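Please keep the sequence and the structure in view while reading.

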Amino acid sequence: MRDILVLCPQERDITAIRSANLGDRYRVHFEGSDLDQLDDFDPVPFLASLDGIAADGVIGTKDQSALLASLVARERGLPSPTPEALIACQHKLRSRERQRAVAPEATPEFALLGEQPPFDFPFFAKPVVGRLSQNAYRIDDAGDLLSLHEMDSYTTRYARIAALAGADPDAVHGFIAEQLLSGDEVTLEGYVHGGRVTTIGVTDSVKYPGTFSFHRFEYPSSLSESCQDELADVASRVLPALGFDDGFFNVEFFITQKGPAQIIEVNGRIASQFAPLVQGLHGRSTYDALFELASGEDPKWETGIPDGVAVSYVVRVFEDAFVEAVPDPEEGLELLVRPGLFLSEQGLNDAVSYRLAILYGFGETREEAVETCRARAAALSFRLAPAPVR
């Protein structure tokens with residue numbers, strides 16, 4: 001049996017790895033805590049603590065844990081995307097520059113945001129290094145620029161890790177301005193092995209009406225086969241240009257009403273939230289393929305559109321509240337909050353909403369899968385008390 005290090009796992013990783021029965025084929029070592037649950041983290045002693053642990057492969061499933069895994073892999077000569085390739089994905093300005101060089105038709109206008117707006121309002125602004133949709137805003141006038149602020153703890157921690165990869169820690173600060181786009185959002189997930197880009201599938205993203213907050217993710221996409229082939233072609237050019245190999249990736253796109261699809265961002269990691277969807281429809285987990293990649297093997301994924309539809313459904317509220325009680329744990333339900341704290345004190349949230357839970361549902365049709373999730377979400381017994389007006 002091979003030894004696989006899983007660095008700084010989130011609860012979702014542990015659940016997915018057990019669901020795929022990977023412990024029957026690998027000795028899995030979960031090392032470290034989910035970084036999003038830590039107030040402070042020093043990567044140097046953490047990496048040193050791994051020295052005595054055997055490993056034939058090492059993985060991380062979030063941006064920072066994936067970067068830590070790449071440092072371990074480089075030190076030990078294990079298969080992995082290089083730290084430089086991951087930073088090229090994660091540093092949004094650098095990633096945009098590489099995208100523009102090989103896929104100009106799919107790259108929106110962008111610039112580093114300085115004292116003066118780089119182009120006319122409105123535009124979109126997001127941190128040079130960030131996560132999810134946190135601190136990303138539509139900028140309609142100069143006054144909106146005053147609301148921009150970095151995620152201090154996240155950015156500081158990223159700078160420490162990136163410095164170990166030889167990157168300039170000061171370069172992770174600031175914001176990038178981008179052309180304002182509209183359209184439907186989708187995510188293409190795949191992997192690169194031996195320089196060959198393989199597509200797993202495309203997932204549709206559906207938002208709560210009038211917001212940037214994700215409501216659900218539907219797999220497989222309702223896009224035409226020709227449109228999905230266009231996205232795969234863009235990915236096949238962009239990932240090599242980023243120097244990315246031997247790892248999972250996902251590329252988020254806007255599907256515009258006119259013109260080619262536009263890249264939102266490239267993530268050099270597995271789309272962990274989609275793993276239950278893929279496993280439910282394909283009968284194989286993306287974590288299974290991720291472990292094979294980490295071991296130096298070709299996952300030999302058989303692509304194709306599966307039968308049925310799977311949905312990852314995000315339960316949100318749009319006002320802060322005190323969490324008095326949450327539902328009991330159950331299969332196919334991720335609880336993202338715990339009692340005794342305000343929503344604003346916990347979880348990874350965007351600028352306007354708070355996530356309570358993620359649940360998964362399946363159906364023969366899109367409508368059936370969505371309705372299954374809606375009914376299940378309505379039955380969840382969260383008890384929330386209004387937060388005081390501040």
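**A strand and a helix in a predicted model**

Strand β5, residues 123-127, is largely enclosed by the rest of the structure, because five of its five residues are buried. The model is predicted, and buried here means under 20% relative accessible area.

**Pairing of strand β5**

- Strand β6 (residues 137-139) pairs with β5 in the antiparallel sense, over three bridges.
- In this pairing, F124 stands opposite R138 of β6.
- Strand β7 (residues 175-179) also runs antiparallel to β5, and five bridges join the two.
- The bridge partner of K126 in β7 is I176.

**Length and end of helix α7**

- Helix α7 covers residues 225-241, and at 1.5 Å a residue its 17 residues should span 24 Å; the end C-alpha atoms lie 25 Å apart, which agrees.
- After α7 comes G243, which has a positive phi, near 75 degrees.

- Which residues of α7 are buried? They are C227, Q228, L231, V234, A235, V238 and L239.
- Seen down the axis of α7, these buried residues fall within an arc of 120 degrees, so they line one face of the helix.
- An α-helix has 3.6 residues a turn, so residues three or four places apart point the same way.
- The cover over the buried residues of α7 includes α5 (92-102) and the strands β8 (184-193), β9 (196-207), β11 (247-255) and β12 (262-267).
- The exposed residues E225 and S226 are on the face of α7 turned away from its buried side.

Note on methods: Residues are numbered from 1 along each chain as its sequence is written. This is a predicted model: local features need pLDDT of at least 70, side-chain atom pairs count only at pLDDT 80 or more; totals for chains, interfaces and linings use all residues. Side-chain values use heavy atoms; hydrogens and water are left out. Helices (H or I, at least four residues) and strands (E, at least two) are DSSP runs, numbered from the N terminus. The expected span of a helix is 1.5 Å times one less than its number of residues. Buried means under 20% relative accessible area, exposed over 50%, partly exposed in between (1.4 Å probe, protein chains only). The arc is that of the directions from the helix axis to the C-beta atoms. Contact means heavy atoms within 4.5 Å. Two strands pair if DSSP finds at least two bridges between them.
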